[in-house]
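Please keep the sequence and the 3D view open while reading.

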Amino acid sequence: MYYSMILMTMKIRLLIAGTFFLIVGIGIGAYLIHTTQITSSIAQPSKIQIVAAESVWGSIASQIGGTEVRVISIVSDPNADPHEYEATTNDARAFASAKYVIVNGVGYDSWATTLLTAGKNPSQKVLTVGDLIGKKEGDNPHLWYSPAYVNAAAKQMEIDLIALDPAHKAVYEANYETLQHSLAEYQDRIVSIAHQYAGTKVASTEDVFAYLATAAGLDLVSPPAFTEAVAEGNDPPAQSVVEFQNQLKTKQVSVLVYNEQTITPLTEGMKKLAADEGIPVVGITETIQPANTSFQDWMNAELINLENALHAKSLGR
Ligand SMILES: [Zn+2]
């Protein structure tokens with residue numbers, strides 16, 4: 001009897017203790033959920049809202065801004081032609097509310113320039129990369145294929161973010177330095193291609209490759225009238241088509257760089273002709289591919305393909 005009393009008391013105590021811990025547990029859990037929600041609802045608006053017209057610039061901005069920024073990149077689909085992009089009402093809203101807007105300019109994203117003029121926001125900072133490096137409409141707009149322009153844009157983004165948010169100056173400086181080290185990998189690869197293959201004749205179906213060809217010391221001989229027309233969605237002059245076909249048929253070029261985002265029956269014809277003649281074809285895109293990778297990893301992957309094609313050609317394969 002005595003023991004069973006003790007046992008019962010113990011059971012009750014355990015029950016009380018269990019209930020107590022259960023209640024405390026629920027309380028702590030609820031408190032944690034509550035604080036997490038509060039933290040995130042406070043943290044979100046304090047982040048700098050950045051809108052980049054293209055994911056190439058958005059990727060660089062997000063690496064410099066790190067956890068202090070929230071970046072929306074508008075043109076980010078590697079399977080659509082970026083030259084044909086048309087703004088949506090969501091884009092207009094994002095542009096209007098952003099603290100910092102980054103556009104390419106040089107006529108590449110005239111939809112973005114229109115949005116900026118329409119919803120002028122005096123408290124907003126705008127970086128037009130083309131203006132920064134002194135390019136004007138009619139020039140080759142694929143600025144991110146030039147390592148020098150990329151470095152100039154990244155430096156300006158660091159300066160702009162510090163101006164917008166001086167309290168986190170040290171963070172932006174550290175992130176910028178990390179980015180510079182990371183960009184060096186693909187930029188060193190360009191230098192290495194230049195060392196090995198400078199002067200090698202190459203062709204491209206679109207303007208996208210021109211800045212990179214120059215940086216890598218390659219001799220881009222495909223008719224500019226052809227590549228510019230393809231970029232602008234126009235029909236290339238007949239003479240430029242014949243000239244391009246002859247360059248491939250007579251194997252004047254070591255590699256054909258094929259823009260996978262601006263495909264026309266004519267560019268497909270050039271690709272087929274190159275393949276028939278045993279000229280390596282290297283596919284590149286204008287937009288980061290795959291979309292979730294970083295700018296520099298994408299660049300580096302494209303350069304490895306280019307390097308391999310140049311190497312294969314130099315071995316006579
Ligand atoms: Zn293009």
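1. Helices (H or I, at least four residues) and strands (E, at least two) are DSSP runs, numbered from the N terminus, and two strands pair if DSSP finds at least two bridges between them. Within this pair, I102 has L127 of β4 as its bridge partner.

2. Before going further, note that this is a predicted model, in which local features need pLDDT of at least 70 and side-chain atom pairs count only at pLDDT 80 or more, while totals for chains, interfaces and linings use all residues. Residues are numbered from 1 along each chain as its sequence is written.

3. Which strands make up the sheet that holds β3 and β4, and in what order? It is an open sheet of 4 strands in the order β2-β1-β3-β4, with parallel pairing. Because β2 (69–75) and β4 (125–128) stand at the edges, each with a single partner strand, one side of each is left without a neighbour in the sheet. On average, neighbouring strands of this sheet are turned by 15° against each other, direction ignored. As background, strands of a sheet pair through backbone hydrogen bonds, either parallel or antiparallel.

4. Two helices pack on this sheet. Helix α2 (residues 55–65) touches β1 (48–54), β2 and β3, and its direction makes about 155° with that of β1. Helix α3 (residues 89–97) touches β1, β2 and β3, and its direction makes about 135° with that of β1. Here axes are lines fitted to C-alpha atoms, for helices over the stretch in contact, and angles run from 0 to 180 degrees between N-to-C directions; two residues are in contact if their C-beta atoms, placed from the backbone, lie within 7 Å.

5. There is also an open sheet of 4 strands in the order β6-β5-β7-β8, again with parallel pairing. Its edges are β6 (219–220) and β8, each with a single partner strand, so one side of each is left without a neighbour in the sheet. Strand β5 (residues 201–204) pairs with β7 over 3 bridges in the parallel sense, with V202 opposite V255 and A203 opposite L256. β7 also pairs with β8 in the parallel sense, over 4 bridges, and there L256 stands opposite V281.

6. Is β7 mostly covered or mostly open? It is mostly covered, since 5 of its 5 residues are buried, where buried means that 20 or more other C-beta atoms lie within 10 Å of the residue's own, exposed means 12 or fewer, and partly exposed means in between, with C-beta atoms placed from the backbone. V255, V257 and N259 point one way from β7, L256 and Y258 point the other way, and all are buried. In a regular strand the side chains alternate between the two faces of the sheet.

7. The axes of helix α10 (residues 238–249) and helix α11 (residues 265–276) come within 9 Å and cross at roughly 20°. That makes α10 roughly parallel to α11 (angles under 35 degrees count as roughly parallel, over 145 as roughly antiparallel, 65 to 115 as roughly perpendicular and the rest as oblique). The contact is made by V241, F244, Q245, L248 and K249 of α10 together with L266, M270, L273 and A274 of α11. These residues divide into 7 nonpolar, 1 polar and 1 charged (Ala, Val, Leu, Ile, Met, Phe, Trp, Tyr, Cys and Pro count as nonpolar, Asp, Glu, Lys and Arg as charged, and the others, Gly among them, as polar).

8. Some backbone details deserve a careful look. Most residues other than glycine have a negative phi, and most peptide bonds are trans. V106, in the loop between β3 and α4 (110–118), has a positive phi near 55°, and V106 counts as buried because it has 21 C-beta neighbours inside 10 Å. K251, in the loop between α10 and β7 (255–259), also has a positive phi near 55°, but K251 is partly exposed, with 13 other C-beta atoms within 10 Å. The peptide bond from Q289 to P290 is cis, with omega near -5°, and P290 is found in the loop between β8 (281–284) and α12 (295–314).

9. For the chain as a whole, there are 12 helices and 8 strands, and buried residues make up 37% of the 317 residues.
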